[in-house]
Each structure stands twice: as C-alpha cells, then as structure tokens.
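Student: Can we talk through this one together? I'd like to start with the helices and then move on to what links the chain.

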Amino acid sequence: MKPPHIAGGRRRPALRLLFVLLLVIPAAAGCVPRAPLPSSNAGPQCLARLAAVTEAVYRPVAVEPANGAACTIRDPVLIDRAPIAWNRPALTSCALALALVDFEREIVQPAALRHFGELVVRVDHLGAYECRGRTGVTSRWSEHALGDAIDIAGFHLADGRVVSVERDWRGRGPARDFLHAVARDACRRFSVVLTPASNRAHRDHLHLDVGRYRLCEAGSQKRNRKGLKRNRSPLLQRALRDAEARRAIGHAPEAAHEKHNLRVSQRPLR
C-alpha cells in the first residue's frame with residue numbers, strides 16, 4: 001500500500017506522516033485482535049480436555065463475580081499444578097489452564113533441561129483472577145478480571161536453585177537465558193506476553209494471558225523498537241509513547257479469591 005499522493009505526483013509530508021501513524025499506532029497499542037478461541041477451549045469440551053491431563057491437580061468451581069457480569073470467569077477452575085506444582089492455588093479460566101499445561105510441558109521443562117540440565121519442580125505466581133481494570137487504564141478491564149491472565153514470578157529447579165524474574169531477567173548466565181527463552185516461546189501459546197522489558201509495572205513477573213488481543217514483548221522486540229527511534233520524527237515518537245502508555249496491562253499482586261474474599265464454592269459445576 002503506497003502513501004497518498006496529491007495532484008502532480010508530489011507527496012505532502014503531513015499526509016505521509018498521517019499514513020504512517022495510522023499503520024503503526026494500532027500495532028504499538030497492542031490492538032491486534034486474535035481469532036476466537038476454538039470450541040475445544042471453552043465449555044464442557046475444555047473441561048474434558050483438562051480432565052485428560054493426569055498430572056494436573058484442579059477442581060471446577062462456581063464463582064460469584066465480584067463486580068457483576070464485568071468480572072465473570074468462563075469455565076472457572078481452581079488449580080494447584082498444571083502439571084508443575086505451583087506455590088499456591090490459582091483461580092483461572094479453563095482456557096488459561098489448558099494454555100499453562102502446554103506452556104509447562106512444551107516450553108518451561110525443555111528450556112530448563114537445555115539451560116540447567118534440571119527440571120522445574122515448582123512455579124511461583126503472583127496471582128491470576130482479580131476483578132480490576134488495567135494498570136494505568138482503569139476504564140478498561142484487565143484480562144485478570146476474566147481469569148484469563150496469570151503473573152509468573154519465578155521457577156524452582158530440582159537441585160534447589162531458584163530463578164527469579166525480578167533478580168535474573170537483566171542478569172547474566174543461564175538464568176537470564178532461560179527466562180528470555182521461556183518468554184519468547186510463550187508468545188506461541190499466549191495472546192499477550194509482557195516482561196520486565198515492557199515497563200516498570202512488570203519488573204518482577206511475566207504476564208501471560210489468553211485474552212482478545214495479541215502482543216509479544218519478550219525482550220528483543222523492545223530493544224529493536226528502541227534502536228529505530230533515531231529514524232523517527234518527534235511527532236511519531238510522541239504518538240508511539242502515548243500509545244504504549246494506554247496499552248499498559250497490569251499485574252495482580254495477590255490472588256483475587258484472597259484479596260477480594262470472593263466466595264468460591266467447592267461443589268462441581270453442572
């Protein structure tokens with residue numbers, strides 16, 4: 001697609017800049033909608049697929065939303081391991097639980113063997129479901145409000161070593177390489193992956209969600225964007241900074257069923 005022309009074949013700089021902004025800002029703002037979830041990732045089919053994961057420890061639950069329909073979880077489950085043990089149970093949608101099963105099996109464990117020669121025996125998370133808006137964008141609901149997001153803070157290895165996102169992301173050696181590999185490959189399994197490379201709000205965790213929009217900030221993409229700034233006009237740089245600020249997706253410092261005292265029934269869903 002070519003920039004617009006005026007009569008005589010000359011291009012107006014203002015029109016050219018407007019053309020570039022229209023192309024770049026939606027992507028920079030993370031406004032890239034993903035395809036709807038396949039039917040096997042919702043409803044009874046999703047729960048049946050999760051039940052087939054013999055290593056997973058979870059139970060379907062009934063949840064009374066904290067803020068009416070705005071914070072409704074689709075097919076909620078309370079999960080302890082998927083299949084790696086977690087530091088505490090997390091309340092998630094079934095779709096997120098399935099994505100985490102694949103994430104742990106196909107991404108986390110192979111990366112741990114490559115970089116450490118050890119398996120991960122525990123995953124530490126900061127929270128999953130929490131009824132709230134996005135950090136810095138309170139007018140829009142966070143994917144945490146739907147149980148479609150989780151924040152991963154660290155990994156415990158079989159030999160006792162602990163990999164911390166906050167401590168090791170910007171460090172050196174196998175811990176840093178492991179975290180960057182996990183974040184990069186997570187972009188194949190999740191709609192949005194945010195890391196300490198995204199902003200200060202994510203300095204201590206990896207945000208993973210299966211929400212509507214796609215955005216991968218695993219580190220290298222962020223550095224590449226910074227490297228291109230010298231070739232941008234000041235107006236375009238300012239527009240991109242504003243778009244990134246509006247795009248911010250927050251984190252849940254505590255599990256919502258603890259922080260908000262949500263009433264979670266232990267009875268199976270019908």
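Student: Which residues of helix H2 are buried?

Tutor: In H2, which spans residues 43-51, the buried ones are Gly43, Cys46 and Leu50. They cover an arc of only 45° around the axis, so they sit on the same side of H2. That arc is taken from the directions from the helix axis to the C-beta atoms. Buried means under 20% relative accessible area, exposed means over 50%, and partly exposed is in between, with a 1.4 Å probe and protein chains only.

Student: And how are helices and strands assigned, and what kind of model is this?

Tutor: They're DSSP runs numbered from the N terminus: helices are H or I with at least four residues, strands are E with at least two. The model is predicted, so local features need pLDDT of at least 70 and side-chain atom pairs count only at pLDDT 80 or more, while totals for chains, interfaces and linings use all residues. Residues are numbered from 1 along each chain as its sequence is written, and side-chain values use heavy atoms, with hydrogens and water left out.

Student: Back to H2. What do its buried residues pack against?

Tutor: Strand E1 (57-60), strand E4 (76-81) and helix H3 (94-116). Contact here means heavy atoms within 4.5 Å.

Student: Cys46 is on that list. What does Cys46 form with Cys94?

Tutor: A disulfide, with the sulfur atoms 2.0 Å apart. The cut-off is a pair of cysteine sulfur atoms within 2.5 Å. The link of Cys46 and Cys94 is left-handed, with -105° about the S-S bond. It links distant parts of the chain, as Cys46 is in helix H2 and Cys94 in helix H3, 48 residues apart.

Student: Is Cys94 buried or exposed?

Tutor: Cys94 is buried, and Cys46 is too.

Student: How many disulfides are there?

Tutor: Three by that rule. Another one joins Cys71 and Cys131, with 1.8 Å between their sulfur atoms. That link is right-handed, at 75° about the S-S bond. Cys71 is in the loop between strand E3 (66-69) and E4, and Cys131 is in the loop between strand E6 (120-127) and strand E7 (133-134), so to speak distant parts of the chain, 60 residues apart. Both Cys71 and Cys131 are buried.

Student: And what about Cys187 and Cys216?

Tutor: They form a disulfide too, sulfur atoms 2.0 Å apart. The torsion about their S-S bond is about 80°, so the disulfide is right-handed. Cys187 is in the loop between helix H5 (174-186) and strand E11 (192-194), while Cys216 is in strand E13 (residues 215-216), 29 residues apart. Cys216 counts as partly exposed because its relative accessibility is 24%.

Student: What pattern do the disulfides follow?

Tutor: It's 1-3, 2-4, 5-6, with bonded cysteines counted along the chain.

Student: New topic: charges. How many salt bridges does the structure hold?

Tutor: Nine. Each one needs a side-chain nitrogen of Lys or Arg within 4 Å of a carboxyl oxygen of Asp or Glu. In general, side chains of opposite charge can pair when their charged atoms come close.

Student: Where's the one between Arg189 and Glu106?

Tutor: Arg189 is in the loop between H5 and E11 and Glu106 is in helix H3, 83 residues apart. The N to O distance is 2.0 Å. At 34% relative accessibility, Arg189 is partly exposed, and so is Glu106 at 39%.

Student: Which residues are linked in a network of salt bridges?

Tutor: Asp102, Glu106 and Arg189.

Student: What about Asp185 and Arg188?

Tutor: Their side chains meet in a salt bridge at 3.3 Å, N to O. Asp185 is buried at 17% relative accessible area, whereas Arg188 is exposed at 56%.

Student: Are Phe103 and Phe190 buried or exposed?

Tutor: Phe103 is buried, with a relative accessible area of 2%, and Phe190 is buried at 2%.
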